[in-house]
Amino acid sequence: MERDLSQEQNQRLLRSSSGVTTTTSAAQCSSSSSQIKKNTKLTSKDQQMNRLVFQEGGLPNGTEVVYKSHGRELLKGYKWARGIFCFCCSTVVSPSQFEAHAGQASRKKPYGNIFIANDVSLHDYASSLKLTVGHLSKKNDELCGVCKKDGDLVLCDGCPRSFHKECVSDTSPPKEKWFCKYCRNSMNLQHSGSDQIEKIAKRCIQIDNCDLVACCICRAYDFTTDGFDDRTVIVCDQCEREYHVECLREHKKMYLKELPSGNWFCSADCGILNWVLERLVACGPVKVPHSLTGLIRETSMVGDANGIGIGITNSEMKLIVLRGKGVSDENRVLLSQAVDIFHKCFNPIVDSITGSDFIPSMVYGQTMGDSDFTGVHCAMLTIESKVITAGMFRVFGADVAELPIVATNETNQGKGYFQLFFDCFEKLLAYLTVKKMVVPAAEDVESMWIQKFGFQKVNPTQRREYRQTLTSMVAFQGTSLLEKDVVGPHAGLTFQDGFRFSLSTHK
């Protein structure tokens, strides 16, 4: 997703959701719920909806469930925490594993065949919850969209954002309806009114969660949460791929007797890559050499805090990489600028369940519902502490990195800064020896990514591979997933001589 030319994961993760971790996608808002058709293959939206059963406010703990096939009861259990306590093995398992324990693994429709009282399937129960949750999705953020602190907040009526009065210019919002500057800019509002709320809502982009992620070795979705055993699932702190403890042992990759207390990496390459990314953040800004600035005018105008133009030479242009989790107060200002750029360039992007704003959660490395953005970094092209272009990225090991959202501030769009940012970013990935870069491209910019930057569409098989093995890859409905080979060395990271990244020397 681009706009210019046109929990830190140190926790050990047991599979504690309904058998899934998350892959993120986005969908346009709708004023009514889609109809659920029975006896059809479940869509990603259906699967995401099904997880409501195991989330807060879903099916109460202790509710008896039974797996049925052609009216016959095959297995009983009860809902507990984020899974089902199975009577045949006395452990908490996922719905898919409960189905397997009933001898029906090949059906692959656990939510349609697991029933509660009155012969209501978990899928139908989730459908009824969806209607309730839909009314709750207007909940506004609990932190200010500017300073990311709590307190007495003004709530926007058009999107989930909230603000301190002192953090917004219009400190006296009307009593009835008030729209933040991002909604007003998006709609070009001259006045507020109830008829505008629906218009703004329809412009929102929602993110939903897809639960197709499986163990990277056996490709099975089952898991256990009752202590530590062979079917416990552990997630790599760098590539975010999932593995059964048993599969790691049987394939002689690693023998774990318990969950590690600190970072865990599935390979030495992921461990080294994680270390290098930490050094990259710690090293601060990297100067952009004149050899890369051919598309930029020798002197550019950058607006100061008051919107007054300031003459800046390209010698002061720098690339900086930050991580939102644990960022310093000084660098938090830069991240705040990035959030502002994204908000001005894109329609609101909100979580379909909580209604929370997707952008600050990603920029500040927060966990939002089932979406975990703690592994996300922000790369920024800056001039005298002013962010010109910013892009959010995540490195899924040495195989692939994603760039889901990137934008240039309005003052400097169309001046070549995006091209410069992309050149610097690709050199950074090459230094990290990442093999491929992926981006979600809207239809109106797809040809630009392909013709100007050398991307190509990801084939269906590879797209399915990404969605089944990468727990957090971002996609937006209505976009194509594109990829390109990163030009650079791919011998693997060693860094025996220390960390030495430079845009001037790296080829």
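The accessible surface of the protein comes to about 22800 Å² (Shrake-Rupley method, 1.4 Å probe). Carbon and sulfur atoms hold 48% of that surface. This is a predicted model: local features need pLDDT of at least 70, side-chain atom pairs count only at pLDDT 80 or more, and totals for chains, interfaces and linings use all residues. Residues are numbered from 1 along each chain as its sequence is written, and side-chain values use heavy atoms, without hydrogens and water.

**Overall make-up**
- The protein has 13 helices and 25 strands; these are DSSP runs (helices H or I, at least four residues; strands E, at least two), numbered from the N terminus.
- Of its 507 residues, 54% count as buried, meaning under 20% relative accessible area with a 1.4 Å probe, protein chains only.

**Packing of H11 and H12**
- Helix H11 spans residues 417–431 and helix H12 spans residues 443–453.
- They pack at an angle of about 60°, with axes 13 Å apart; axes are lines fitted to C-alpha atoms over the stretch in contact, and angles run from 0 to 180 degrees between N-to-C directions.
- Phe418, Gln419 and Phe422 of H11 meet Trp449, Lys452 and Phe453 of H12, with contact meaning heavy atoms within 4.5 Å.

**Around H12**
- The buried residues of H12 are Val445, Glu446, Met448, Trp449 and Phe453.

Terms used. Buried < 20%, exposed > 50% of the residue type's maximum accessible area, 1.4 Å probe, protein only.
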